[in-house]
Number of protein chains: 4
Amino acid sequence: MSNTQIEPSVDRRAQILDAAMICFAKRGFHQASMHDISAEAGISVGLIYRYFENKEDVISAMADRHKKQIHDLLERARQAPTLLESLEILFTAHCCENAPQIQSAFVVDLYAEASRNPRLANLVRDILETAMQGVTDLIARSPEAQHAPQNLTPRQLAELIFAVSRGMLMRDILETERDPTERRERQLRVVRRLWRLLFKPETEPAYA
Amino acid sequence: MSNTQIEPSVDRRAQILDAAMICFAKRGFHQASMHDISAEAGISVGLIYRYFENKEDVISAMADRHKKQIHDLLERARQAPTLLESLEILFTAHCCENAPQIQSAFVVDLYAEASRNPRLANLVRDILETAMQGVTDLIARSPEAQHAPQNLTPRQLAELIFAVSRGMLMRDILETERDPTERRERQLRVVRRLWRLLFKPETEPAYA
Amino acid sequence: MSNTQIEPSVDRRAQILDAAMICFAKRGFHQASMHDISAEAGISVGLIYRYFENKEDVISAMADRHKKQIHDLLERARQAPTLLESLEILFTAHCCENAPQIQSAFVVDLYAEASRNPRLANLVRDILETAMQGVTDLIARSPEAQHAPQNLTPRQLAELIFAVSRGMLMRDILETERDPTERRERQLRVVRRLWRLLFKPETEPAYA
Amino acid sequence: MSNTQIEPSVDRRAQILDAAMICFAKRGFHQASMHDISAEAGISVGLIYRYFENKEDVISAMADRHKKQIHDLLERARQAPTLLESLEILFTAHCCENAPQIQSAFVVDLYAEASRNPRLANLVRDILETAMQGVTDLIARSPEAQHAPQNLTPRQLAELIFAVSRGMLMRDILETERDPTERRERQLRVVRRLWRLLFKPETEPAYA
DNA sequence: AATGAATGAGGCTTCATTCAT
DNA sequence: CATGAATGAAGCCTCATTCAT
């Protein structure tokens, strides 16, 4: 009757989601079989169904977990002293925690799937909207962004920043051979310059 | 037996690819069945196998065709008088031809699939590299880009531009409800400002 | 383009239904697997799904076919010169055509399934109602039934007759060991007396 | 540890059988899962296996209990002053105890299952034989049945009576919508007339 | 005695692919 | 060239049963 009776299931869910993440990233949502997932998790197929209603539910749950991770990340980003540091926190996150381009493949698959599954589309839209609003607020509150170039609004700046980030994430998928860290580093060099361009127009010249 | 039959296979292939594009966009590569495609094309299932070895071959062929379309587009872009006009041509292309976000779903699926299928990854990488090099050249040759902000190289500028474009394409997927034309217009307003920021640093102030 | 292109599928359907009847009678609707049916029919599992949407559809189709058989039977019964002969035709039918108690098990299963599947219940109710109305009419038109005992209406007489018939059908299920023909004969001796009792009250005495 | 625990298994068994009866009637033997039964009984799945070897054993036990109930019923029927009253007791029994057509569905399922499960067939045959013999004896001893019409023997009369009863029970299954009590009443009106016809041939005319 | 997590075989169904016509 | 009937492997999911706690 203590909450240790509830926790195991939480762990099981997490364990299954971890396995599913690996399988989905490796083969895609629909190519990964429930058997693949169970094998990856080291459990039987049937057990998955004690914790998830069906395959779609696993996908949704993973999107849900993704949402929470994004939420936490946003919280951490909010506590950075400057806007640029916040952005740095936000956009270096996914290269560290899990495998590097596993996340990329997963996210792209998530969007692909969302284009056909309205329920999932809502979830992803919700995640994105939360994150976007968070960054929009960060920008609006930041002194660096008071004189944004081209009269871009905080929201537009956020859209731009997210678009670049998503776009680079898609790019990752094609760069399987190179060293992921180095690749990320190169990407960061570019986006950092964009951020500076957007938020510190005066510091642009040669000594960048 | 007339010479109009010399290359019916070209038309058939195109017809099948058109149908496949619709099906793939609607349901995804693996969710779309060969029967779906044959029905959409108004032919029998078996006939598809006269023109394509198997399902994967259809996907590859579609990527191939995509490559040619991109190639043509690049050619057209190259003939624009200014860099900004070239970019405009490049990034307004996909909203016209077919349905608006059909293309988006297809491209995202293409990347998702590429993350597991090395052959496809090569193809997509090849497409991207060609387009990217084309734009890099455009930038390098363009007088507007001689004093790029933040010391960004032409290649880096191209990467940035493509990333934004891909990122917005992913965004499209989530915006199923709104008017596609209006959505595109809003996106264009933002990217145009970015381009101006990148290539006309002097024209940034309030009177933009 | 001739109707020979339609017929094969009719045959296939019949072939599958024949196999299904055997399997269902042997193991019951839910215990008979689609594989059992395909094996009995000598075809592959997948082929069943070209002719039936799913398992339930096979059951419905069988009920449908049963309905048609009953219909034909009723037609034949209508042409008999006397009421008693009509009844004889009606209630000796199922022991002849196919295997003897296969039919019994199937019908009992059909009712059992109907108790949970409203769609099927409607179908069976429809079959029963048609048959019942047919017999009610036969009785109403028959001179023998003008002075029915106990003031039983034609409809009530029909209900009674059908009830006995169904009840004996259930009984069949338990009598697997004995000779089916002999069993039927014994049943017939009893029901014939009932019929005479109902329709020829005067002829009851010792010389029956 | 008190002596009230000496036979908790009897109660448990009854509790499980009650739950099983509800589930079996609602979904059928094979469609009702052990989990359904445990949920209906408010216990865990595993516990069922403490009291029954397996699912088939539950079915057998239920048939066994059914047998005892029939036995008791027969005892009560035997004590009625007249044959017709005995019959009335026998054939109004199942409409009272539990839900009305729950019993019907269960019995029909029982026969359906018996057609494939010889052990169960024996059990059901045994039940039926006991009841049938009981009624045969009642008839043989009854003064009303000394001059049975059509020279029907007591055994044949019993068969007829049971057949009608079983047949009406099957009919019940299709009549889910109407008021059960009213339906039973209508059925009784018909069978009562049959009984009178069989046992009081003289009282048949208009003043019935 | 009681629980319910865990197993894994097996059922229904789909679908890429083949091939006789 | 074209059809679509046919195959059978494979996927999702359920469920009777077991067993550690």
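**Close-up views of the chain A and chain B interface**

**Figure 1. Salt bridges between chain B and chain A.** Four salt bridges are counted between chain B and chain A, a salt bridge being a side-chain nitrogen of Lys or Arg within 4 Å of a carboxyl oxygen of Asp or Glu. In one salt bridge, the side chains of Arg116(A) and Asp109(B) come together at 2.8 Å, N to O. The structure is a predicted model, in which local features need pLDDT of at least 70, side-chain atom pairs count only at pLDDT 80 or more, and totals for chains, interfaces and linings use all residues. Residues are numbered from 1 along each chain as its sequence is written, chains are lettered from A and ligands numbered from 1 in the order in which they are written, and side-chain values use heavy atoms, with hydrogens and water left out.

**Figure 2. The area buried between chain B and chain A.** Together, chain B and chain A bury about 4,600 Å², 62% of it on carbon and sulfur atoms; buried area is the accessible area (1.4 Å probe) that two parts lose on being put together, summed over both. Within chain B, the residues that lose the most area to chain A are Gln150(B), Met170(B) and Leu174(B), together 18% of what that side buries. In contact, meaning heavy atoms within 4.5 Å, are 52 residues of chain B with 53 residues of chain A.

**Figure 3. Gln156(B) in helix H8 of chain B.** Gln156(B) has its place in helix H8 of chain B; helices are DSSP runs (H or I, at least four residues), numbered from the N terminus. Is Gln156(B) buried or exposed? Gln156(B) counts as buried because its relative accessibility is 14%, where buried means under 20% relative accessible area and exposed over 50%, with partly exposed in between (1.4 Å probe, protein chains only). Neighbours within four places in sequence left aside, Gln156(B) is in contact with Val190(A), Arg193(A) and Asn151(B).

**Figure 4. Chain B superposed on chain A.** A rotation of 179° with 0.1 Å of shift along its axis superposes chain B on chain A, with an RMSD of 0.1 Å. The two copies are thus related as by a two-fold rotation axis. Copies are superposed by least squares on the C-alpha atoms of residues with pLDDT of at least 70 in both. Of the interface residues of chain B, 100% are also interface residues in chain A, so the copies meet through the same surface.

Notes. Helices (H or I, at least four residues) and strands (E, at least two) are DSSP runs, numbered from the N terminus.
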